[in-house]
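Dear colleague,

I am passing on to you the structure that we spoke about, with my notes set out below it. Please have the sequence and the model open side by side while you read.

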Amino acid sequence: METNSDSKPSRLRGAIRNSWIYKRLQGPIFDLKGHMFDLYHGVKTMPQVTLDKLEIDSPNKAGGGIYAGTEPKYFRTILNSLEIDFERFHFIDFGSGMGRALFLASEIPFKKIIGVEFSRELHQIAVKNIKSFTQRKRACNDIESVCEDAMEYLLPLEPTVYYFFNPFNRELFGRVIANIERSLAQSPRETYVIYMNPVNNDLFVNSAAFKQIGGGPWHTLHVSL
Ligand SMILES: C[S@@+](CC[C@H](N)C(=O)[O-])C[C@H]1O[C@@H](n2cnc3c(N)ncnc32)[C@H](O)[C@@H]1O
């Protein structure tokens, strides 16, 4: 399950990532990968959008980060590292935007895939994408985008892989984790958390409900106790 490794190739990758030229090209490379994904799969998950450009009817708008789709290759590596019986698990993306992580997750035979997004505009794009999405390697057809604030979302009582691509600030993150903790106390079940760009990872590390079991340069992985 450990997704971090200290091999020579990974040290080389680390050195490349820290180089000036890579940092300079990172944005355009990230965008190019996003456009390639869209072209290949018949969807629109680009461009990045700051939330001030969107009408969002929620008191938590100011605590939300920008919309940016997940980087496909890195995400696939994380999902494929999970040694679980996917057919029993829901996948829930908190702050799912236009849905790119949902489409990547559909390459895995999850029982159901749900995206929770509070911007109606992004949610509507995700709904359109769900209809147009083409994927030869599709393993899950049950994909849904829900237009709701993550703070209000009622968690399904199923074994679940939760995904967070740094969607909101520390205060809101604390509230979502408290919701998950409450739900797990009431109805214990297998739960994994993939946390991308884990700037508030200590919230999971200090949670009595979770144990960190892995990680990599851009993510951490946790399991419920
Ligand atoms: C970095 S994007 C991630 C998009 C998607 N998860 C992906 O990986 O392709 C973060 C998303 O979280 C959404 N978001 C922020 N705060 C939210 C909240 N309180 N409830 C629901 N969605 C929220 C934003 O609108 C944005 O679309």
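Where does proline 47 lie? Proline 47 is in the loop between helix 2 (20-41) and helix 3, where helices (H or I, at least four residues) and strands (E, at least two) are DSSP runs, numbered from the N terminus. Before going further, please note that this is a predicted model, in which local features need pLDDT of at least 70 and side-chain atom pairs count only at pLDDT 80 or more, while totals for chains, interfaces and linings use all residues. Residues are numbered from 1 along each chain as its sequence is written.

Seven strands form an open sheet of mixed pairing, in the order 3-2-1-4-5-7-6; two strands pair if DSSP finds at least two bridges between them. Its edge strands, each of which pairs on one side only, are strand 3 (143-147) and strand 6 (210-215). From one strand to the next the twist averages 20 degrees, with axes taken as lines fitted to C-alpha atoms, for helices over the stretch in contact, and angles running from 0 to 180 degrees between N-to-C directions. As background, the strands of a sheet pair through backbone hydrogen bonds, either parallel or antiparallel.

Five of its five residues are buried, so strand 1 is largely enclosed by the rest of the structure; a residue is buried if 20 or more other C-beta atoms lie within 10 Å of its own, exposed if 12 or fewer, and partly exposed in between, with C-beta atoms placed from the backbone. His90, Ile92 and Phe94 point one way from strand 1, whereas Phe91 and Asp93 point the other way. Strand 1 is joined to strand 2 (residues 112-117) by five bridges, and these two strands run parallel. Strand 1 also pairs over five bridges with strand 4 (residues 160-165), again in the parallel sense. Aspartate 93 stands opposite glycine 115 in strand 2 and opposite tyrosine 163 in strand 4. Together with helix 4 (residues 100-105), strand 1 and strand 2 make a right-handed β-α-β unit, the crossover being right-handed if, with the strands pointing away from the viewer, the path from the first strand over the helix to the second runs clockwise.

An antiparallel pair is found elsewhere in the sheet, where five bridges join strand 5 (residues 191-196) to strand 7 (residues 219-224). In that pair, methionine 196 has histidine 219 of strand 7 as its bridge partner.

The ligand

There are 27 residues around the ligand, and Gly64, Thr70, Gly95, Gly97 and Pro167 come nearest; a residue is near a molecule or strand if its C-beta atom, placed from the backbone, lies within 6 Å of it. The shell has 13 nonpolar, ten polar and four charged residues, where Ala, Val, Leu, Ile, Met, Phe, Trp, Tyr, Cys and Pro count as nonpolar, Asp, Glu, Lys and Arg as charged, and the others, Gly among them, as polar. Helix 4 and strand 2 each supply at least two residues of this shell.

In helix 3 (residues 72-81), Pro72, Phe75 and Ile78 are buried. These residues cover an arc of only 130 degrees around the axis, which puts them on the same side of helix 3; the arc is that of the directions from the helix axis to the C-beta atoms. Lys73, Thr77 and Asn80, on the other side of helix 3, are exposed.

Aspartate 85 is in the loop between helix 3 and strand 1, and is exposed, with 11 other C-beta atoms within 10 Å. Its C-alpha is 9.9 Å from that of lysine 111, although 26 residues separate aspartate 85 and lysine 111 in sequence.

Most residues other than glycine have a negative phi, and most peptide bonds are trans. Methionine 46 and proline 47, however, are joined by a cis peptide bond, with omega about 0 degrees. Asparagine 166, in the loop between strand 4 and helix 6 (170-186), has a positive phi near 35 degrees, and counts as partly exposed with 18 C-beta neighbours inside 10 Å. Asparagine 197, in the loop between strand 5 and helix 7 (201-205), has a positive phi near 55 degrees, and counts as partly exposed with 15 C-beta neighbours inside 10 Å.

With best wishes
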